[in-house]
Amino acid sequence: MMMMLRRLLRKRWVLGVVFGLSLIYFLTSTFKQEERTIKDRTLLEVRDSDHRIPWKVRFNLGNSSRQITQCRNSIQGKTLLTDELGYVCERNDLLVNGCCNVNAPSTRQYICKSCLANGCCSIYEYCVSCCLQPDKQPLLERFLNRAAEGFSNLFTAVEDHFELCLAKCRTSSQSVQHENTYRNPQAKYCYGESPPELLPI
Amino acid sequence: MLLLVWMCTLFGMMGVVGTEQEARAKPESGPSPVLTQESNCTQLTLKLEFSSKVVEHEYIVAFNGYFSTKARSLYISTALRNAGGGLEWHIVPRENPASDFPSDFELVHIRQASPSSLLTLEDHPYIKRVTPQRKVFRSLKYVPSSEVAAPCNNTETEKWQSWQSSRPFRRTSLSLGSGFWHATGRHSSRRLLRAIPRHVAQILQADVLWQMGHTGSGVKVAVFDTGLSEKHPHFKNVKERTNWTNEKTLDDGLGHGTFVAGVIASMRECQGFAPDAELHIFKVFTNNQVSYTSWFLDAFNYAILKKIDVLNLSIGGPDFMDHPFVDKVWELTANRVIMVSAIGNDGPLYGTLNNPADQMDVIGVGGIDFEDNIARFSSRGMTTWELPGGYGRVKPDIVTYGSGVRGSGMKEGCRSLSGTSVASPVVAGAVTLLASTVVNRQLVNPASMKQALIASARRLPGVNMFEQGHGKLDLIRAYQILNSYRPQASLSPSYIDLTECPYMWPYCSQPIYYGGMPTIVNVTILNGMGVTGRIVDKPIWQPYLPQNGDHIDVALSYSPVLWPWVGYLAVSISVAKKAASWEGIAQGHVMVTVASPAENDSEVDGELTSTVKLPIKVKIVPTPPRSKRVLWDQYHNLRYPPGYFPRDNLRMKNDPLDWNGDHIHTNFRDMYQHLRSMGYFVEVLGAPITCFDASQYGTLLMVDSEEEYFPEEITKLRRDIDNGLSLIIFSDWYNTSVMRRVKFYDENTRQWWMPDTGGANVPALNELISVWGMAFSDGLYEGDFTLADHDMYYASGCSIARFPEDGIVIAKNLKDQGLEVLQQETAVVEAVPILGLYQTPSDGGGRIALYGDSNCIDDSHRQKGAVSELLTECSLCTKQTKKKFVYLCFSDCFWLLDALLQYTSYSMTLPSLSHSHSRVAPPTGLEKPLPQRLEGNHLYRYSKVLEAHLGDPKPRPLPACPHLSWAKPQPLMKLHLVTYGSTRSCCQWIWTKWLCRM
């Protein structure tokens with residue numbers, strides 16, 4: 001038995017087949033890995049319509065005049081805040097209920113100050129406010145439909161227009177180049193579909 | 001373009017278990033020896049004490065030879081049968097791996113053993129002797145013999161590992177250190193501490209809060225780590241697991257994430273702090289320890305959306321200039337997420353703090369062992385963001401158990417791990433538990449939690465604030481403070497007492513005097529009142545006139561906006577001219593008022609304010625003579641981040657970046673301590689050479705400078721030296737071929753990293769010293785030699801290429817390391833000029849000393865580097881090379897620095913140098929061109945001197961020298977009782993006062 005095996009192994013064609021199979025395995029696995037890496041790096045660019053994320057955002061169609069007693073707001077700002085009605089105000093002009101004081105002179109609604117044409121802004125609060133404009137809804141829906149799996153965690157958990165804008169405007173994996181540098185340090189908060197413009201280092 | 005090194009720390013259980021068994025297998029007895037380490041490392045004395053007690057009824061029966069278990073039992077029963085009946089006895093089973101093998105003794109339990117029965121036992125031909133069983137107690141004590149306590153007991157293998165995603169995982173090289181390296185060292189004390197329960201939650205008295213019904217319920221805690229398996233038996237409230245990596249599993253394949261989650265929230269076996277907390281598991285590391293900033297960014301965004309309360313990050317890296325990451329951490333804090341992070345495992349070297357734990361808004365946690373010693377691995381030293389112009393902040397914030405802590409195993413059960421990765425979840429768990437005790441959760445925010453932790457922390461004796469922060473976590477006191485908390489501002493450190501040693505090291509190590517560079521204390525303001533705040537008007541400086549407060553000037557700079565929840569207050573202290581020859585203590589205080597917009601106030605425009613007092617106490621001495629004053633050039637030291645500045649020792653391949661700050665209080669700490677002990681006063685120049693009064697200083701010390709020089713600096717230095725200033729330069733290698741060779745591909749940033757200088761910037765240095773006919777070469781040499789009866793090691797240094805002919809030059813035979821790096825060939829070069837001494841010819845002119853290698857005065861190469869090198873080298877090395885490496889790891893050349901300072905300050909030349917047989921004729925350097933800058937280097941990106949230009953980069957215009965505006969004093973006449981001091985921190989005082997008011 002052993003002798004047979006040994007003799008078989010000595011045959012050139014057997015060795016050839018073994019080698020060929022190994023080569024094929026090697027090539028396919030290498031190729032697969034490469035493909036996977038490329039896929040990983042371009043999560044947003046994947047335009048695979050089969051992989052729609054089950055988003056459940058409720059847009060309050062242009063219903064900004066509704067009366068609410070409590071507002072959520074963007075919490076984090078150094079000087080500015082945006083409330084869920086799209087008003088941007090100074091921290092000092094925030095009412096106890098979390099809404100901006102609409103009577104304060106500097107308070108503005110749906111303001112796109114510092115935002116570029118590509119939907120990227122240099123100030124987070126203005127990005128959120130701009131994104132809350134009712135006419136941004138189609139754009140956001142388009143984005144949600146195309147947002148790939150990489151962002152499914154985030155955008156399936158988002159429940160309404162305001163949460164979506166808060167989340168969308170934050171810097172993310174789409175905001176960086178070489179991992180530790182902003183693509184565009186000036187306009188890095190984007191409500192739009194495209195990542196910030198890539199500036200050379 | 002910057003490298004992000006994520007270091008996650010996973011701790012070799014193998015190592016720990018190994019040592020424990022080792023200790024068990026070798027019971028020692030006898031007198032109590034006092035082990036002291038090698039002569040140049042006497043700082044730590046190990047005191048070993050033994051006591052013993054007879055164990056009743058148990059006897060050790062020793063045989064004449066080795067017999068099997070069966071044979072031994074037979075012999076004993078035969079012998080005891082002869083002793084007569086009625087004797088109750090049995091053999092005490094010993095269950096250890098050795099029991100399968102023949103042994104020469106047996107442990108026997110004999111009831112009512114009479115001396116005669118023992119004698120009959122001894123009559124048996126194969127039994128040698130019978131002795132009562134004794135129980136030996138050992139106690140280990142470490143006695144630091146002086147404050148200096150330079151941690152140099154390096155012979156021990158570090159039992160932890162760090163992972164760096166851009167480089168191969170170092171598990172094999174670090175965890176399997178042979179017993180040889182375990183011989184000494186602080187950690188070895190752990191072997192004998194098996195009796196101490198290591199249930200860290202109980203040690204910290206979490207059970208007191210559990211009994212009050214607080215178990216973390218209602219608090220969302222996020223663990224950013226390697227994941228967690230779905231059905232782990234230890235966890236009851238895993239709310240969600242999410243994956244942010246490119247791996248297709250949520251499970252933990254390493255055990256790191258499980259352990260961390262267990263310390264926070266395990267409910268059985270090894271209990272965590274908050275078993276009822278809502279756990280959110282974020283897998284951000286693959287099982288191959290890969291992670292990217294972009295994964296973190298997306299995961300962090302999700303954590304904000306989910307309104308996480310406490311977030312543990314047992315990770316860290318040196319890149320505090322990774323702006324997307326740092327900004328994101330601020331954003332999290334601004335969204336009320338309490339960030340807890342490990343300070344790093346790069347100790348005992350100073351200047352090793354990891355990001356994000358080094359951020360003001362993050363709770364940075366260091367590690368201690370169960371004997372309250374700072375764990376050797378715990379990173380320490382000031383933050384280095386502020387260099388060269390400013391001074392670092394105090395970090396870590398607090399310390400807690402991080403050595404041999406028990407936590408959940410990967411699938412089940414418990415295991416023991418060490419590292420600041422372990423200390424961080426201890427604090428995160430405690431924070432979670434604490435948050436659940438507060439009725440009004442609105443009061444819990446990143447600032448108030450940090451205030452409560454640091455105000456309640458227990459200070460460890462004999463440890464400075466750059467190692468322990470505010471001290472050891474005290475859960476119960478933190479609970480008390482937090483539950484009577486009212487929003488307010490506080491300071492860290494809460495007082496400035498520059499006389500308090502060792503806590504206020506390095507401030508206490510050198511008194512201040514008129515004409516010295518201002519002493520800067522970088523205080524962090526914590527503002528529990530709101531995410532944004534501001535300082536009202538200006539802080540006020542109030543000197544105490546009866547306590548000579550008018551003898552000092554104080555300048556204050558501070559954050560224009562305190563965000564998120566934090567800001568800085570930098571206090572610069574100088575001595576007033578009238579105290580130029582005065583000696584004594586001066587005191588006063590600074591008052592700061594912080595205001596935040598009120599969030600829960602009924603009125604609009606309401607503001608909360610809080611006023612904090614910062615007491616200041618300093619020691620003033622008369623200005624020392626010029627010859628005693630040494631100025632350290634910090635301005636021309638560049639480091640990582642932002643750029644790739646390679647290590648000065650090319651053998652250190654594991655950690656190729658120069659990232660410790662190159663400051664006298666970070667990786668040149670030992671050198672600083674040495675100079676202080678020799679009576680020198682060392683100051684730091686954080687500005688261009690044009691910005692100091694050279695007539696005040698004896699010697700300018702430039703070590704391993706990477707920066708370029710402004711033309712004005714070069715001119716000024718020449719003038720200064722003509723007027724009597726002396727200069728010592730410790731250079732390093734610069735070889736363009738080697739620089740090209742040490743480039744590497746960084747997985748994190750997906751690009752090639754090419755160094756922008758060598759170990760030092762030799763071409764720039766040569767421009768600085770060319771007027772005296774001096775230059776360094778681009779040679780690269782390594783080797784050991786003897787100089788003036790001292791053993792020396794030259795690690796990747798350059799040689800002197802050009803030197804004036806009336807100077808003294810010392811040459812040695814060294815290995816050409818350049819050839820080794822480039823062609824893997826070994827060649828010895830004869831008579832390499834390495835040291836040069838020169839007296840400038842002008843009347844009263846200064847002296848210049850050059851040396852080609854800086855490694856022997858740099859702690860980072862004398863400790864950690866040596867250790868890691870030992871580890872990589874030792875897989876294939878003989879005992880002799882091991883010994884050599886250990887030896888080299890200890891060898892410093894402070895004696896040489898002394899000799900050079902003797903020469904530059906007092907014009908005294910060590911005869912063994914000037915009359916050395918190694919003295920050679922100064923090289924003229926004409927045969928070879930001098931080194932040129934690496935073509936296409938990107939130094940201008942990181943340089944303060946160069947700027948990009950068409951063609952070659954050009955120097956920028958010389959910046960203005962820093963100017964301090966002294967605060968206008970508002971003196972106080974009344975005598976102040978000083979309530980702070982070494983025994984009690986002011987912060988505690990403020991808190992108690994405030995608590996009393998409640």
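Helices (H or I, at least four residues) and strands (E, at least two) are DSSP runs, numbered from the N terminus. The model is predicted, and local features need pLDDT of at least 70, side-chain atom pairs count only at pLDDT 80 or more, and totals for chains, interfaces and linings use all residues. Residues are numbered from 1 along each chain as its sequence is written, chains are lettered from A and ligands numbered from 1 in the order in which they are written, and side-chain values use heavy atoms, with hydrogens and water left out.

Chain B contains 25 helices and 42 strands. Of its 998 residues, 63% are buried, where buried means under 20% relative accessible area, exposed over 50% and partly exposed in between (1.4 Å probe, protein chains only). Helix α11(B), residues 446-456, is largely enclosed by the rest of the structure, because 11 of its 11 residues are buried. Among these buried residues are Lys450(B) and Gln451(B).

An open sheet of 7 strands in chain B has the order β9-β10-β8-β11-β13-β14-β15, with parallel pairing. Two strands pair if DSSP finds at least two bridges between them. The edges are held by β9 (238-243) and β15 (398-401) of chain B, each with a single partner strand, so one side of each has no neighbour in the sheet. Neighbouring strands of this sheet are turned by 25 degrees against each other on average, direction ignored. Within chain B, β8 (220-225) pairs with β10 (278-283) in the parallel sense over 6 bridges, and Ala222(B) has His280(B) in β10(B) as its bridge partner.

Helix α10 of chain B (420-437) packs against α13 of chain B (475-482) at an angle of about 35 degrees, with the axes 10 Å apart. Axes are lines fitted to C-alpha atoms, for helices over the stretch in contact, and angles run from 0 to 180 degrees between N-to-C directions. Contact means heavy atoms within 4.5 Å; in α10(B), Ala430(B), Leu433(B), Leu434(B) and Thr437(B) meet Leu475(B), Ala478(B), Tyr479(B) and Leu482(B) of α13(B). The residues of this contact comprise 7 nonpolar, 1 polar and no charged; Ala, Val, Leu, Ile, Met, Phe, Trp, Tyr, Cys and Pro count as nonpolar, Asp, Glu, Lys and Arg as charged, and the others, Gly among them, as polar. The axes of α7(B), residues 256-265, and α10(B) come within 7 Å and cross at roughly 35 degrees. The contact of α7(B) with α10(B) involves 8 nonpolar, 4 polar and no charged residues.

Most residues other than glycine have a negative phi, and most peptide bonds are trans. A cis peptide bond joins Asn355(B) and Pro356(B), with omega about 5 degrees, and the bond from Lys395(B) to Pro396(B) is also cis, with omega near -5 degrees. Phi is positive in Asp662(B), near 50 degrees, and in Asp704(B), near 55 degrees. Asp662(B) counts as buried at 0% relative accessibility, and Asp704(B) counts as buried at 0%.
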